[in-house]
Amino acid sequence: MPSTTTRRLAAVAIAAGLLMAGCAKDDGSATRTDCSSGSSAAGGSSAAGGSSAAGGASADCGTGISKDDVAGSTDDPLVQKAVDGYQTYVEEQVNGLVTDTKVFTDAVRAGDVEAAKAAYPTSRQRWERIEPIAALIGDTDGAVDSRAEDGVKDTESPEVTGWHQLEYDLWVKGDIADSKDLADGLDDELQKLQAGLPDLKITPLAVAKGASELIEEVSEGKITGEEDRYSHTDLWDLNANVEGAKEATTLLQPAIKKADPDLAKKLDTAFVEADEALAPYKDGNGWKSYEDVSDSDRDALKAKFSALAEMLGDVPGALKLS
Amino acid sequence: MSEQPRISRRKFVVGGGAGVAGLAGAAALGWNAGKDEAPASADGLPAPVRLPFHGTHQTGITSHAPAAALMASFNLVADNRDEVRAVFKALTEEFDTLMSGTPVPDRGEHYPPLDTGSLGTNPPPADLTLTLAIGASMFDDRFGLAARKPRELFTMTKLANDRLDQTRCHGDLLVNISGDSPDVCLFALRQVMRRTRANLVLKWMVEGFNRREAPKPGKAQVRNLLGFKDGTANLDPSSDALMGEHVWVAQGDGEPAWAVGGSYQAVRIIRMLVEQWDRAQLGEQERIIGRVKASGAPLGEQDETDDPDYEDDPRGDRIPLDAHIRLANPRTKATEKNKILRRGFSYSRGFDPAGRLDQGLAFVSFQRSLDDGFLAVQDRLSGEPLEEYIRAEGGGYFFAFPGVQRKGAYLGQALLA
């Protein structure tokens with residue numbers, strides 16, 4: 001399994017469509033072909049390679065989304081309001097992300113293992129809230145959030161940069177004397193992300209899909225404990241995914257209520273239930289170790305988030321977004 | 001999650017009267033139903049049909065050995081009995097929709113399609129069956145059902161030769177799917193799962209196949225991965241009398257009323273150490289099984305259907321006393337009640353860390369009594385020479401619900417009443 005999950009590739013695929021509003025390609029079908037080959041190549045390659053191949057796809061080609069579709073306009077003022085609100089939300093999160101992460105990287109540079117461990121999960125919160133959208137900018141995702149492949153999870157993976165390599169250094173190696181470059185690199189990448197913000201044009205579809213992809217993230221990496229396999233801080237990330245999905249959905253809710261009141265009601269209930277399902281694992285201002293979540297409790301979480309993902313999958317349809 | 005109505009086509013292709021739901025005697029579906037009406041293909045196999053969902057018993061228990069099959073075991077996530085009821089209703093509706101080949105409505109380009117599309121717009125007749133069974137864990141303290149547990153149902157325990165992997169054992173619900181090809185089974189599984197995501201979490205699954213040969217009376221249609229004919233002496237599922245005697249729980253069995261018309265289902269994922277087996281001498285293989293490998297005839301006999309005539313061979317000179325077929329079915333008056341209906345399939349799941357192929361038999365038996373059926377047979381087989389080449393790695397004991405006799409009724413309705 002490549003570190004960069006297929007779902008994340010899908011997010012990048014949206015990215016391609018979004019950022020390529022000005023892409024020269026005018027043949028929709030050719031564009032689709034290009035992109036799917038890019039994604040599958042990424043899926044089969046190594047951790048770092050997967051990310052960069054995906055990044056390449058986002059830079060070079062569109063997806064299934066045509067030029068007209070990604071213009072981002074909508075006739076529905078309620079949807080437009082949601083898009084504007086989400087744009088602001090993403091900007092706030094990215095700006096805060098740079099600051100939060102610096103607390104973490106400063107601790108790493110100071111060689112303070114305990115402080116770095118404490119700051120690791122908090123530094124990732126804002127990233128996890130907006131990851132599918134943030135991944136639209138450049139190759140940030142591959143650079144900051146890649147993981148070593150399963151087969152090499154107990155050994156150092158020099159090709160992996162970003163949070164999870166630092167996580168390895170902190171929890172497995174227990175030695176961060178040589179981790180300063182990784183810390184600097186993480187800061188640099190996030191600053192690049194911040195610099196890319198003005199170019200980010202969020203479409204109505206991206207808001208809706210962003211929400212559902214965050215929940216897919218939960219179902220894919222967090223629910224298995226794979227995301228933070230050394231620190232077991234998965235619940236921090238999982239909750240941040242839910243928060244991000246909830247924000248996007250809440251912004252869209254006035255439009256959904258008008259288009260499909262039944263779906264709107266179900267979504268409200270589902271997010272309340274998601275919070276309730278997570279509540280037992282709160283620990284002060286943070287979250288318990290994912291190792292403390294029993295198999296049957298993991299099943300309950302799986303069911304809850306899978307059902308939510310199904311519901312969110314219907315939002316673009318209800319709003320007729322394309 | 002959508003509650004949208006489905007387009008009903010109602011085009012059951014099942015043979016004649018056998019397709020009428022709810023009639024007593026509809027048990028003899030499956031094989032006979034298809035044989036009479038469906039034209040045979042060039043290789044002598046009957047053309048696939050749509051098997052009816054409704055009936056006294058669940059159709060997939062007695063339909064013929066499937067070319068493709070899978071079993072998926074789920075943990076049920078539900079807070080109370082009402083939620084369980086909703087899940088069973090959803091499963092019933094989905095099983096009916098899938099088996100009847102009802103196409104889903106087109107929701108337009110903005111929504112995800114309501115089915116996977118892997119079978120095209122109109123799912124073809126494919127001998128598809130979906131069969132629901134429940135495990136002993138359904139009767140723990142979660143749903144207040146403890147007093148309604150079938151009296152012989154329990155969580156499978158390790159037997160002498162077992163190497164059970166707990167991640168491939170047990171489960172609250174077992175969904176059995178069979179059809180004429182693997183894509184049909186996987187299509188059905190995905191449709192069932194998308195419908196029940198909020199409550200069903202996969203615990204384990206096994207997929208497999210049977211080689212089907214043109215049917216001849218009294219001949220097993222399949223060989224297992226040891227290369228031997230499997231099922232020659234199996235009960236004939238088209239015989240209502242035999243099914244009534246050996247498979248269906250009946251009134252007066254001392255079982256809860258809801259279980260009448262259902263059946264105990266034993267599942268054993270039996271790994272075959274095929275490399276080792278393939279190095280065994282032909283003579284040893286035949287003595288271990290008790291049959292001639294090529295013809296399927298009992299040792300010393302001519303034809304697959306010949307009686308092994310154990311009375312004539314009391315010391316096991318011809319067929320060893322510990323041969324598999326002799327232990328499994330000694331053909332005595334006393335062991336008559338131990339007969340079971342087998343409906344398993346072969347599986348292949350890649351290879352193990354030692355580089356050995358990981359394949360075997362997904363053994364399935366249905367029986368009226370677990371004690372008199374599978375457990376009695378297994379007890380006789382314990383210590384058989386074949387154990388050197390096989391070991392059970394997973395499975396579980398389940399109870400398959402009685403059939404759903406009419407639209408609006410649902411699987412497990414009487415259990416939850």
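A crossing of two helices is called left-handed if the near helix is turned anticlockwise from the far one by less than a right angle, and right-handed if it is turned clockwise. The structure examined here with that idea is a predicted model, in which local features need pLDDT of at least 70, side-chain atom pairs count only at pLDDT 80 or more, and totals for chains, interfaces and linings use all residues. Residues are numbered from 1 along each chain as its sequence is written, chains are lettered from A and ligands numbered from 1 in the order in which they are written, and side-chain values use heavy atoms, with hydrogens and water left out.

In chain B, helix α3 (residues 81-99) packs against helix α4 (residues 182-195) at an angle of about 150 degrees, with the axes 10 Å apart. Helices here are DSSP runs (H or I, at least four residues), numbered from the N terminus; axes are lines fitted to C-alpha atoms over the stretch in contact, and angles run from 0 to 180 degrees between N-to-C directions. α3(B) and α4(B) are therefore roughly antiparallel, the word for angles over 145 degrees. Their crossing is right-handed. Residues in contact (heavy atoms within 4.5 Å) include B:Phe95 and B:Leu98 in α3(B), and B:Phe187 and B:Val192 in α4(B). By class, this contact has seven nonpolar, one polar and three charged residues. Ala, Val, Leu, Ile, Met, Phe, Trp, Tyr, Cys and Pro count as nonpolar, Asp, Glu, Lys and Arg as charged, and the others, Gly among them, as polar.

The contact takes 12 residues from chain B and 18 from chain A. About 1,300 Å² is buried between them, 58% of it from carbon and sulfur atoms; buried area is the accessible area (1.4 Å probe) that two parts lose on being put together, summed over both. Two salt bridges are found across the interface, each a side-chain nitrogen of Lys or Arg within 4 Å of a carboxyl oxygen of Asp or Glu. B:Arg197 and A:Glu310 meet in a salt bridge, at 2.4 Å from N to O.

Technical notes. Helix = DSSP H or I, 4+ residues; strand = E, 2+ residues; numbered from the N terminus. Parallel < 35°, antiparallel > 145°, perpendicular 65-115°, else oblique.
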